[in-house]
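Dear colleague,

I am passing on a structure for you to look over, together with some notes on what was found in it. Please open it alongside this message.

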Amino acid sequence: MSRIAYVNGQYRDMRDAGVNIEDRGYQFSDGVYEVCEIRGGKIVDMPRHLARLQRSLHELRIAMPMPQAALEVVIHETVRRNRVTYGIVYLQITRGVARRDHAFPTKPVKPAVVVTARGLNYQKNQETAARGIGVITIPENRWPRVDIKSVSLLPNVLAKQQARDNGAYEAWFVDGEGHVTEGSSSNAWIVTKDGRVVTRSAESGILAGVTRAVLTELLAALQIRLEERPFTPAEAYEAAEAFVTASSQIVMPVVRIDGRPIGTGTPGAITTRLREEFHRFSNFS
Ligand code: PMP
């Protein structure tokens with residue numbers, strides 16, 4: 001079955017779908033995106049993702065291209081047309097098409113919208129989670145506005161490739177003060193030996209992950225102590241457990257950081273429980 005993409009008002013076969021070469025997303029990475037998990041054919045936590053999308057657009061002064069209800073219809077329709085039951089839906093909005101000039105177009109242009117959906121291999125993801133992943137740490141080199149979910153991801157792309165080149169799955173950025181900020185496409189967490197869960201505050205240095213937000217609610221319900229504070233790679237090496245969160249992988253155990261085994265070198269008990277119970281506080285639509 002060929003895949004279908006929503007592109008600026010039309011559902012197109014992906015082989016024929018394209019965007020204008022003067023799309024500012026293509027030329028300047030002048031746009032934002034969201035990725036939602038699909039489970040049982042439903043979108044997980046769409047209201048939170050769309051709220052973050054609205055915020056990202058607002059911060060970049062890009063207009064919302066259609067009412068939120070219409071965008072929800074497009075997302076559902078794209079998932080339906082691609083018959084995805086487990087996977088991800090990708091949504092991208094750029095400032096639009098205009099003659100190339102760094103400044104915003106003087107005459108307002110319509111933002112460009114693309115939505116795609118694809119299936120992921122559930123079994124394979126479960127197997128990865130059962131093994132756990134390796135992480136490397138690298139110096140933070142991104143702009144300070146990482147709170148905006150912009151398609152400008154070059155440092156993240158290079159970081160992920162560096163992880164792959166080193167036999168790891170994810171790279172954690174470490175800021176000038178020696179603290180972990182987040183992963184190239186995930187938020188970073190550790191569990192201390194006395195069972196406290198630690199992650200950096202969303203106030204600076206990270207994207208406010210939707211998975212992160214849902215997990216904080218689960219932690220409260222399970223009466224597991226959460227500390228929102230920075231931590232160093234050295235503290236992470238000594239942690240009992242570590243994990244990353246992202247919509248496409250929910251809670252993913254980390255078993256190695258910079259080649260050092262974390263805890264027993266296998267996915268931790270708290271991490272595993274959080275993964276199993278993760279969707280208790282998710283919204284399905
Ligand atoms: N940080 C970065 C840099 C990311 O790319 C992602 C995944 N999009 C996250 C954190 C996690 O965000 P979420 O839980 O909303 O997927």
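The notes below cover a pair of helices and then one arginine.

This is a predicted model, in which local features need pLDDT of at least 70 and side-chain atom pairs count only at pLDDT 80 or more, while totals for chains, interfaces and linings use all residues. Residues are numbered from 1 along each chain as its sequence is written, and side-chain values use heavy atoms, with hydrogens and water left out.

Helix α2 (residues 46-59) and helix α3 (residues 68-81) have axes that come within 12 Å and cross at roughly 125°, the axes being lines fitted to C-alpha atoms over the stretch in contact, with angles from 0 to 180 degrees between N-to-C directions; helices here are DSSP runs of H or I with at least four residues, and strands are runs of E with at least two. From α2, Met46, Leu50, Leu53 and Gln54 meet Gln68, Leu71, Glu72, Ile75 and His76 of α3, where contact means heavy atoms within 4.5 Å.

Arg95 sits in the loop between β5 (87-94) and β6 (112-119), and Arg95 is buried, at a relative accessible area of 8% (buried means under 20%, exposed over 50%, and partly exposed in between, with a 1.4 Å probe and protein chains only). The side chain of Arg95 makes a polar contact of 2.6 Å with the side chain of Asp30, and also reaches the backbone oxygen of Leu60 at 2.9 Å; a polar contact is a pair of N or O atoms within 3.5 Å, and within protein one must be able to donate a hydrogen and the other to accept it, residues adjacent in sequence counting only if both atoms are side-chain atoms. Leaving aside neighbours within four places in sequence, the contacts of Arg95 include Arg24, Phe104 and Lys110.

Best regards
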